[in-house]
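Visitor: I would like to learn how to read a structure one feature at a time. Could you take me through it slowly, with the general idea before each case?

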Amino acid sequence: MEKKDIKSMTYEELEAEMEALSEKKFRAKQCYEWMHIKLARSFSEMTNLSKDFREKCENLFTFTALEAVEVQESKLDGTKKFLFKLSDGNVVESVWMKYKHGNSVCISSQVGCRMGCRFCASTLDGLERNLLPSEMLDQIYAITRLTGERVSNVVVMGTGEPMDNYDNLLRFIRLLTDENGLHISQRNVTVSTCGIVPKMYELAEEKLQITLALSLHATTDEKRRKLMPIANRYSIEELMGACGNYFEKTGRRITFEYSLVGGVNDTDEDADKLSALARPLGCHVNLIPVNPIKERDFVQSEGARIAAFKNKLEKNKINVTIRREMGRDIDGACGQLRRRHMQR
Ligand code: SAH
């Protein structure tokens, strides 16, 4: 019989599991607390459970506990980048960022990615596999254990396309925000997507209070197709429809992510078009100066151009921020650390 992944089980599922094993119901509470509050790394750490019971569990369940194989710390801003090894030997990266309002963790949702965005390092080798809910969770748990500090915000903006691993993503969000577990507020969770329209509609029906971020990066279909293959599947018009629906159903404003690529999408005309897309939905725009990867010849817009672009948006009354470039000195861009590790 295949072992079940115990850290991906909901509280109710764990209760049912214990019942089926003819164990007392409160065993579920104990196990759940050890995993999701005390952040135990194995059954053997669950010291108030009998040895017999722990052995029984070891035979029935797999226990996801990621192992940090590399940690880089930025000398500029204290950002830490972690490379975690999974039980099958694959590695994923996560980032820990310290802000005034709390600590934020950026997690990966897949090993590799198949979306093929031209400027992104995560997708260069394609998709290896989806991450399990427990493997997404444990990036946060492991970082909490290693830093000794509480995580208050989670962004699913690392390697992978979360909507391409939809069921595991949803389960992950439910576990992460569960009041019986770490209980991170849904409002402090952001999921970023390249724009898989049917999944954006599905997510709206879940009525979660998370923030949805759309990687827009261009204001015409023609330009977007040059940067993102997914633009061949869904038009900007369809995307805006999905964003409008998400806002209507959840009351949560969408964030547009817009990576500024020198000479490609950074003109005043682009800024006006972007404003026109953002305004009807009251979207927040997050500008990201593109982080050049050596495999592609995209360049960052010049500082003055970035400032002018932001200015234009502000004049158009759009709520805009420039993403601070955290950890620029430590393989900042998505997928760079993992890629370097694989090449060694
Ligand atoms: N697959 C999801 C989440 C992953 S990346 C998505 O597409 O949204 C998080 C953000 O970083 C996305 O907006 C992505 O387009 C952007 N990004 C990836 N590589 C980048 C780079 N080298 N420079 C700037 N932004 C990048």
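Guide: Let us begin with burial: a residue is called buried when its relative accessible area is under 20%, exposed when it is over 50%, and partly exposed in between, using a 1.4 Å probe and the protein chains only. S259 has a relative accessibility of 6%, and therefore counts as buried. Please keep in mind that this is a predicted model, in which local features need pLDDT of at least 70 and side-chain atom pairs count only at pLDDT 80 or more, while totals for chains, interfaces and linings use all residues. Residues are numbered from 1 along each chain as its sequence is written, and side-chain values use heavy atoms, with hydrogens and water left out.

Visitor: In which strand is S259 found, and which residues does S259 touch?

Guide: Strands are DSSP runs of E with at least two residues, helices are runs of H or I with at least four, and both are numbered from the N terminus. S259 belongs to strand β12, which covers residues 255–260. Contact means heavy atoms within 4.5 Å, and, if we set aside residues up to four places away in sequence, S259 touches H217, N265 and I288.

Visitor: Which residues of helix α5 are buried, and what do they pack against?

Guide: As a general idea, an α-helix has 3.6 residues a turn, so residues three or four places apart point the same way. In helix α5 (residues 166–176), the buried residues are Y166, L169, L170, F172, I173, L175 and L176. They pack against α2 (26–36), α4 (133–147), β9 (153–156), β10 and α6 (197–205).

Visitor: How many aromatic pairs does the whole structure hold?

Guide: Rings of Phe, Tyr and Trp (its six-membered ring) pair if their centres lie within 6.5 Å, and planes under 30 degrees apart count as stacked, over 60 as edge-to-face and the rest as tilted. A search of the whole structure finds 5 aromatic pairs. The rings of F43 and F63 have centres 5.0 Å apart and planes at 70°, so this pair is edge-to-face. F43 is buried at 3% relative accessibility, and F63 is buried as well, at 19%.

Visitor: Is the pair of Y258 and F309 stacked or edge-to-face?

Guide: Its ring centres are 5.4 Å apart and its planes are at 25°, so the pair is stacked. Y258 lies in strand β12 and F309 in helix α10 (residues 303–315), 51 residues apart, and the pair thus links distant parts of the chain. Y258 counts as buried at 0% relative accessibility, and F309 is buried with a relative accessible area of 0%.
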